[in-house]
Amino acid sequence: MLDHRHSAFLDTFLTYHEKRELRLARCGTCHEILPYSQRLCQAHPTSELEWVKASGRARLHAFTEYRISYSPAHPAPYVVAMVELEEGPRLVSTIVSESGHELQAGAELKADFDDDDRLIFVHTC
């Protein structure tokens with residue numbers, strides 16, 4: 001039988017996203033923050049999840065700059081990166097940096113939402 005928490009995970013994440021909130025799933029028993037790829041706590045698979053607000057602070061883990069536009073929503077050049085949230089989970093997002101500021105692994109980032117309500121990370125220099 002399919003556990004309802006598997007399908008509810010994405011729905012819950014997107015509900016908070018629509019409110020322009022970055023949330024993290026946390027085990028209701030041990031309070032461990034789950035990676036975005038994980039739907040259940042490995043130590044407590046029957047525990048309900050809590051959704052806690054993320055600090056929004058992150059570090060740049062890896063990135064690439066696209067110089068060709070594959071979509072009108074992303075005019076070139078644009079940066080796609082793996083970011084590591086202060087709380088531990090990693091996710092892929094777009095990076096916005098003031099021109100002239102060179103990105104490098106370990107750079108400090110802050111979560112935000114663009115005018116189209118997409119989650120982005122801003123290079124805080």
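Mentor: Strands here are DSSP runs of E, at least two residues, and helices are runs of H or I, at least four residues, numbered from the N terminus. This is a predicted model: local features need pLDDT of at least 70, side-chain atom pairs count only at pLDDT 80 or more, and totals for chains, interfaces and linings use all residues. Residues are numbered from 1 along each chain as its sequence is written, and side-chain values use heavy atoms, without hydrogens and water.

Trainee: Which strand supplies the largest share of the lining of the second largest pocket?

Mentor: β5, with 3 residues. β5 (90–96) and β7 (119–123) each supply at least two.

Trainee: What makes the lining residues divide as they do into nonpolar, polar and charged?

Mentor: Ala, Val, Leu, Ile, Met, Phe, Trp, Tyr, Cys and Pro count as nonpolar, Asp, Glu, Lys and Arg as charged, and the others, Gly among them, as polar. The lining includes A73, H74, D114 and R118. The division is therefore 8 nonpolar, 2 polar and 2 charged.

Trainee: Why is R20 called partly exposed?

Mentor: Buried means under 20% relative accessible area, exposed over 50%, partly exposed in between (1.4 Å probe, protein chains only). R20 has 38%, so R20 is partly exposed. R20 lies in the loop between α1 (4–18) and β1 (23–27). Its phi is positive, about 65°, although R20 is not a glycine.

Trainee: Why does D117 get the label partly exposed?

Mentor: The relative accessible area of D117 is 37%, so D117 falls in between the cut-offs. D117, not a glycine, has a positive phi of about 65°. The loop between β6 (108–113) and β7 holds D117.

Key:
1 Å grid on protein atoms, 1.4 Å probe; cavity = no way out; pocket = protein on both sides within 12 Å on 5 of 7 lines; lining within 4 Å.
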